[in-house]
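Work through the exercises below with the sequence and the coordinates at hand. Each task is followed by its solution in steps.

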Amino acid sequence: MIDKDTWHQKGESMTLGQWSIFVVDENPSAKETIIFLHGFPTASWDWVKVWPTLAKEYRCVTLDLLGYGFSDKPQNHKYSILEQADIVEALVESKQLKSFHVLSHDYGDTVAQELLARQNDTKGKGTWKSLCLLNGGLFPETHRALLTQKLLLSPLGPLVSRLTSKSKFSTSFSSTFGKNSQPSQVELDTFWDLITLNDGQKNFHQLIRYIEERKRYRSRWVGAFKNTGIPLALI
């Protein structure tokens, strides 16, 4: 498995919008491209187990979204899915990606829904060939928030962010995995290192606001699935 430092060496920091965003772009000469969008609260390192296999055949492009991993993590920032989508589109333009497949997970699913809505409005950057979604709250009325998520969304959110510890994170994060697919200690250590880089854990209560955005933009984001003509898959 690719360790955190090796993953960092694979990538580069790009200015997208006004932010420094960490990007990995591998096998650029391949005929087809996949863009990967990671989940909350981790980073593009989410993809390391599938990356080597897919990078043999595809151009693989991913980024740490704003507030995650090696990218900028501004404090007291009103993080928005709309801004994250803008950053992804800036990456598409900067890399001159004409057409591509998209693979998304969790938080990345919601970013993908906004981007897909823009595609449907013929205002999106590049041409999507397909979208494959992993687990995520695609339909807000069926999403069951964890206790930690509920607390982060409450008035206690800033305090919960400051008090989040490695052990609390590990317990909460591991609960989202199946009993036969629990993350190893090395994986948990790496996730925590990426989260706490530049005090990123202090932004949890800001980053988690995407759950509220899912409700606000439900019609647009669920409608994106209904209105698209590209192949969709859910794992």
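Predicted model: local features only at pLDDT ≥ 70, side-chain atom pairs only at ≥ 80, totals over all residues.

**Exercise 1.** Describe how helix H3 (residues 81-94) and H4 pack, and state which residues meet.

Step 1. Two packed helices are described by the angle between their axes and the distance between the axes.
Step 2. For H3 and H4 the angle is about 70 degrees, and the axes lie 9 Å apart.
Step 3. Angles of 65 to 115 degrees count as roughly perpendicular, and H3 and H4 are therefore roughly perpendicular to each other.
Step 4. H3 contributes Ile81, Leu82, Gln84, Ala85, Asp86, Val88 and Glu89, which meet Tyr107, Thr110, Val111, Glu114, Leu115 and Arg118 of H4.
Step 5. Sorted by class, this contact of H3 with H4 holds seven nonpolar, two polar and four charged residues.

**Exercise 2.** Which residues of helix H7 (residues 166-174) are buried, and against which helix do the buried residues of H7 pack?

Step 1. Buried means under 20% relative accessible area. In H7 the buried residues are Phe169, Ser170, Phe173 and Ser174.
Step 2. These residues cover an arc of only 115 degrees around the axis, so they are on the same side of H7.
Step 3. Ser167, Lys168 and Thr171 are exposed on the other side of H7.
Step 4. The buried residues of H7 pack against helix H8 (185-196).

**Exercise 3.** Where is glutamine 201 placed, and is glutamine 201 buried or exposed?

Step 1. Glutamine 201 is in the loop between H8 and helix H9 (204-207).
Step 2. The relative accessible area of glutamine 201 is 12%. The cut-off for buried is under 20%, so glutamine 201 is buried.
Step 3. Leaving aside neighbours within four places in sequence, glutamine 201 is in contact with Ser161, Trp192, Ile195 and Thr196.

Definitions and conventions
Residues numbered from 1 in each chain as written. Heavy atoms only, no water. Buried < 20%, exposed > 50% of the residue type's maximum accessible area, 1.4 Å probe, protein only. Helix = DSSP H or I, 4+ residues; strand = E, 2+ residues; numbered from the N terminus. Arc of directions from axis to C-beta. Contact = heavy atoms within 4.5 Å. Axes fitted to C-alpha atoms, helices over the stretch in contact; angles between N-to-C directions. Parallel < 35°, antiparallel > 145°, perpendicular 65-115°, else oblique. Nonpolar A, V, L, I, M, F, W, Y, C, P; charged D, E, K, R; others polar.
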